[in-house]
Amino acid sequence: MKRILSALILLYLVLISFESYAYNGEVIKFKMSDSKIYPGTARSVTVYVPEQYDGTEPACLWVSVSGGSFIFDIFDRLIADGDVPVIIGVFVAPGQIRDAQNNVVRYNRSNELDRMDGRYAEFLETEVLPAVCSHKTKDGRPIKISSRATDRAIYGSSSGGICAFNAAWQRPDLFSRVYTACGTFVSFRGGDQYSALVRKCEPRPIRVFLQDNDKDTWNPLFGSWFEYNELMLSALQFAGYEVDYSWDEGGHSSKNAHKIMADVVRWLFKGWPELPKKGQSQSKTVASIFAQGQEWRCIADNIASGALLHPYSEEKVVLQSGRSKEFISTDGTRTKAKGKIRLTDPYTALYPGGTHTAKRVEGSNWVWDYINTPDGKLSHGQQFYYLYADAGQILYDSAGYLYVASAVGIQVCDQNGRVRTIISLPGGAVDTIAFAGNYLFAVSRGKLYVRKLLRSGTHNGLPKSEKQG
């Protein structure tokens, strides 16, 4: 009798298991092996198309960067109940490189997922999603995915967790909703810096859910996963993000993340199609730079690669593309520049009042500072301004703060050489910058943006010293 009862219980559990993973949509699987961003890698991509998708309008998007986590049944229920919009799921496996005998000679997972740059987001944007949209369902429905950030969510576990956050944080124009589970915000490839970076940056319009387990430490050499996730929560709250979390019991496992998946997806998409709100950072530096209600405005696109901005007046800057020069005003008006125009050295900046000179060193995350002597020479040069990414164009504002164009945005250093805040743009990396009065111009991903700040690029004498504080 006991054996029969046990068998019935086992059968019941099996049936429940099968029922919980039954789904009504269609699954499309394909391989990718022609990546330009990750040369030589091959990977599998799985696409889930819900039955409610009719192929006429672009659907919302859920990207899983951990390869697995096939939550088709959860999508089915949430869409059918009207809790979330129609969502197409894209599940991307990490890349591998194999030799002629099919042996793996390089695992690319950590290199793809643990990095802190915008490379993986670009991979999704330019390679994965176009490949997905080249497919059709069995009944001929074309795959159409919305390009709006508010319609897009991204999820990952472990290294996929930091990757999901990084993709949205670097490219808030691509993703606005993030679920990170057991994220590796540790010292793999600089992820331990994220809690500091988040505090220093103006918040992006993204909503974040963090999940981790109290004994989450895969390798003590890199620190405690759980402690770094707690630091991330604190940083996100300080910076004004819309953030929620679940701390559970257990080790390095996505089991608990899956248990709450349906609730997290509902929370991420609450208020849709409205974009998640940008919060108010508690940073005093952020408050002293950003004017309320003033956001970046795109005033031109198709800006040539290698173009440089130069300050010119209170109302306009000079855009230099090769030998071509034109004036651009704050409202986007462009006029050809005639005659000789004196252009500044974009990689050297004179401190307000003329006491210092800053110089960029190409390929370095340091900017040198020199003292200007009465006879016009530079003396006492030191590596002074420490940055999170290599320095590009540099300039000062009237308060003596150094602005540096870089791959992580516009890094703003105080008088003592420390990054106080990072001004982010929709496209992430910033190529060139210039002030026109208190309007800051910047080029990012071929687009020219302008934003009104509380600070000015006009230098009227030596600014008040911050001393050594």
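Trainee: How many salt bridges does the structure hold?

Mentor: The structure holds 22 salt bridges. A salt bridge here is a side-chain nitrogen of Lys or Arg within 4 Å of a carboxyl oxygen of Asp or Glu. Before we go on: this is a predicted model, where local features need pLDDT of at least 70, side-chain atom pairs count only at pLDDT 80 or more, and totals for chains, interfaces and linings use all residues. Residues are numbered from 1 along each chain as its sequence is written, and side-chain values use heavy atoms, with hydrogens and water left out.

Trainee: Which side chain does arginine 451 meet in a salt bridge?

Mentor: Glutamate 202, at 2.6 Å from N to O. Arginine 451 is in strand β26 (residues 447-452) and glutamate 202 in the loop between α6 and β9, so the pair ties together parts 249 residues apart in sequence. Helices (H or I, at least four residues) and strands (E, at least two) are DSSP runs, numbered from the N terminus.

Trainee: Which residues are joined with them into one network?

Mentor: Salt bridges that share partners join Glu202, Lys278, Glu295 and Arg451.

Trainee: Is arginine 451 buried or exposed?

Mentor: Arginine 451 is buried, with a relative accessible area of 2%, and glutamate 202 is buried too, at 7%. Buried means under 20% relative accessible area, exposed over 50%, and partly exposed in between (1.4 Å probe, protein chains only).

Trainee: What about arginine 204, and which side chain of opposite charge is nearest?

Mentor: Arginine 204 is buried yet has no salt bridge; the nearest side chain of opposite charge is glutamate 202, 7.1 Å away. For charges, Lys and Arg count as positive and Asp and Glu as negative, while His and the chain ends are not counted.

Trainee: Where is the backbone oxygen of tryptophan 169 relative to arginine 204?

Mentor: That oxygen lies 3.0 Å from a polar atom of the arginine 204 side chain.

Trainee: New topic: what is the peptide bond from tryptophan 272 to proline 273, cis or trans?

Mentor: That bond is cis, with omega near 15 degrees. Proline 273 sits in the loop between α9 (261-268) and α10 (284-289).

Trainee: Why point that out?

Mentor: Because most peptide bonds are trans, and most residues other than glycine have a negative phi.

Trainee: Which phi does cysteine 182 have, positive or negative?

Mentor: Positive, about 50 degrees, although cysteine 182 is not a glycine. Cysteine 182 is also buried, with a relative accessible area of 1%. Asparagine 102 has a positive phi as well, of about 70 degrees.

Note on methods: A polar contact is a pair of N or O atoms within 3.5 Å; within protein, one must be able to donate a hydrogen and the other to accept it, and residues adjacent in sequence count only if both atoms are side-chain atoms.
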